[in-house]
Amino acid sequence: MLERLWPTGGQLALSAEAEHDLRAEDYVLEMPQSGERIVGRDRMQAMQREYPAPPSIKVLRITGAGDDFVVLLRSDYGGDVYYVANIVEFRDGRITRETRIYGSPFDPPEWRAKYAE
């Protein structure tokens, strides 16, 4: 389901309505860095509808099995870029929980240059 909805290398462009239909009634979104916890698919949909300037999102990788997956994303908020590890949990074919962990890009230290490509 994730690959169909969020194709690797493609832009994420689901509507709040389309995502709402994929979530369980008791859906939970947690964002540890901000301490936010959104409970219920209706509250999530309301938040999405009110979001002032949604980012451009590119799916880089999807990995997992069964009901547990990690989706690696690149979110561009008009020049401010964040990489997101989104842990997605399913139950009965619907998304029940997401944990989104955001990280900003940074320049690596010079001493590691000889190891990196």
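Q: Which elements are included in what covers the buried residues of α3?
A: In this predicted model, local features need pLDDT of at least 70 and side-chain atom pairs count only at pLDDT 80 or more, whereas totals for chains, interfaces and linings use all residues. Residues are numbered from 1 along each chain as its sequence is written, and side-chain values use heavy atoms, with hydrogens and water left out. Helices (H or I, at least four residues) and strands (E, at least two) are DSSP runs numbered from the N terminus. The cover of the buried residues of α3 includes α2 (16-22), β2, β3 (36-39) and β7 (94-103).

Q: Which residues of helix α3 are buried, and why do they lie on the same side of α3?
A: Buried denotes under 20% relative accessible area, exposed over 50%, and partly exposed in between (1.4 Å probe, protein chains only). In α3 (residues 41-50), the buried residues are R41, M44, Q45 and Q48. They share one side of α3 because they cover an arc, taken from the directions from the helix axis to the C-beta atoms, of only 100°.

Q: Which exposed residues does the face of α3 turned away from its buried side carry?
A: The buried side of α3 comprises R41, M44, Q45 and Q48. The face turned away from that side carries the exposed residues R43 and E50.

Q: Is S75 buried or exposed?
A: S75 belongs to strand β5 (residues 68-77). Because its relative accessibility is 3%, S75 counts as buried.

Q: How far apart in space are S75 and K58, C-alpha to C-alpha?
A: In sequence, S75 and K58 are 17 residues apart. Their C-alpha to C-alpha separation in space is 6.6 Å.

Key:
Contact means heavy atoms within 4.5 Å.
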